[in-house]
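Please read it alongside the sequence and the structure shown here.

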Amino acid sequence: MSYAISVNGQIHHVEDDGQTPLLWVLRDTLKLTGTKYGCGVAQCGACTVHVDGTPTRSCTLPLEVAASARITTIESIEGVEAQAIRDAWVARDVPQCGFCQSGQIMSAVALLRTLKTPTDRDIDVAMSGNICRCATYNRIRAAIHDAAAQLGTAR
Amino acid sequence: MRWRRSPSEPRRGRLRIGRWLFATFAAMIAATLVYALYPRPMPQTQAIQIRQPLPDIARLRTVAEFAAIADLDQRSIALFEEAGRVIQHPRCMNCHPRTDRPTQTDAMRPHRPWVSRGPDGAGESALRCSTCHGATNFESSGVPGNPMWMLAPIEMAWQGKTLGEICRQLLDPARSHMSRKELLQHMSEDALVGWAWHPGGGRKPAPGTQAEFGAIIKAWLDTGGKCPA
């Protein structure tokens with residue numbers, strides 16, 4: 001079946017089964033490989049994208065549901081929060097192997113859009129669904145604090 | 001005395017032994033082939049007599065099966081104990097935790113990843129249940145779903161409680177936030193409760209059907225809504 005899917009501000013016409021996970025469509029059909037496949041069962045968060053602005057695991061979102069939403073992937077995440085997170089990630093040299101980082105960044109941006117000055121607990125709660133095999137959690141938490149501080153200064 | 005046969009003499013003795021050996025081996029091989037290739041009927045499965053029929057754990061007893069209990073209070077308690085097979089099933093208990101964290105699987109282990117009920121039972125503001133759980137079960141990932149996917153209020157915690165304690169809690173509007181009529185509606189019609197019978201992903205459903213469960217709850221309430229000790 002054919003679906004018109006809005007990804008990163010562009011409408012793509014995709015011919016696929018409605019039960020195909022959005023992750024496969026992004027990576028295999030649209031060649032947007034920044035979103036990673038980690039587990040396929042919503043346990044690791046590597047495939048996190050924004051669906052109508054809300055962080056969502058694309059491995060567990062059927063194409064037929066995603067087709068009615070506005071999808072944003074790591075390739076086009078933008079805005080002051082995204083910029084602050086990117087600056088903090090670079091300054092803290094957060095990634096190690098980097099595989100989980102697109103998912104981490106998508107969750108971190110969504111967190112800062114929800115909570116302007118998150119506490120350690122807020123960060124732990126928001127990021128607990130994103131697993132990092134390199135255990136960069138301390139750097140991730142510090143970078144989110146840095147980004148929040150930068151946004152606070154900018155405001 | 002001669003130690004060696006002259007080259008002109010025939011090897012009769014050796015040839016005779018060689019023929020016998022060859023004939024014996026050939027006969028053995030032929031016998032093996034005949035035995036292996038001889039058509040025989042395949043072994044057939046045989047029914048083993050079951051001495052005691054296994055209990056049908058997926059079945060929920062009907063209301064009519066409780067009619068034999070003459071004492072109304074005892075019948076009411078028996079009905080609730082039957083309903084308890086659903087209420088205390090992991091498909092229901094996992095979303096009635098006594099902490100802010102749901103449990104999962106038949107083992108009722110803590111939910112992975114780490115999630116918390118948040119202000120409305122549907123997750124924290126930055127990690128909602130809908131981050132992973134959609135409107136329906138998704139067979140590809142095995143993640144269950146329902147439009148109302150959320151935890152029961154903490155006042156309705158069932159885990160760690162006896163069936164009698166759960167019963168009294170259900171009948172207490174201060175904790176259940178429901179009248180008896182609303183309770184019956186919740187049990188027999190609520191779509192999220194109904195998920196317990198259609199859990200998908202290879203999960204074991206609750207016993208019976210939601211309609212049968214609703215009928216038992218109704219009969220329990222009609223007989224006075226008595227609770228086990």
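Of the 155 residues of chain A, 46% count as buried. The model is a predicted one, and its secondary structure in chain A comes to six helices and five strands.

Fold and dimensions

- Taken along the principal axes, the box filled by the C-alpha atoms of chain A is roughly 50 × 35 × 25 Å.
- Among the contacts in chain A with a separation of 6 or more, 64% are accounted for by residues 24 or more positions apart.

Packing of H4(A) and H5(A)

- Helix H4 of chain A, which covers residues 101-114, packs with helix H5 of chain A, residues 120-127, at an angle of about 130 degrees, and their axes are 10 Å apart.
- Because an angle of about 130 degrees lies between the 65 to 115 range counted as roughly perpendicular and the values over 145 counted as roughly antiparallel, H4(A) and H5(A) are oblique to each other.
- The crossing in which H4(A) passes H5(A) is right-handed.
- On the H4(A) side the contact is made by Gln104(A), Ser107(A), Ala108(A) and Leu111(A), while H5(A) contributes Ile123(A), Ala126(A) and Met127(A).
- Sorted by class, this contact of H4(A) with H5(A) has five nonpolar and two polar residues, with no charged residues.

Conventions:
Residues are numbered from 1 along each chain as its sequence is written. Chains are lettered from A and ligands numbered from 1 in the order in which they are written. This is a predicted model: local features need pLDDT of at least 70, side-chain atom pairs count only at pLDDT 80 or more; totals for chains, interfaces and linings use all residues. Axes are lines fitted to C-alpha atoms, for helices over the stretch in contact, and angles run from 0 to 180 degrees between N-to-C directions. Helices (H or I, at least four residues) and strands (E, at least two) are DSSP runs, numbered from the N terminus. Angles under 35 degrees count as roughly parallel, over 145 as roughly antiparallel, 65 to 115 as roughly perpendicular and the rest as oblique. A crossing is left-handed if the near helix is turned anticlockwise from the far one by less than a right angle, and right-handed if clockwise. Two residues are in contact if their C-beta atoms, placed from the backbone, lie within 7 Å. Ala, Val, Leu, Ile, Met, Phe, Trp, Tyr, Cys and Pro count as nonpolar, Asp, Glu, Lys and Arg as charged, and the others, Gly among them, as polar. A residue is buried if 20 or more other C-beta atoms lie within 10 Å of its own, exposed if 12 or fewer, and partly exposed in between; C-beta atoms are placed from the backbone.
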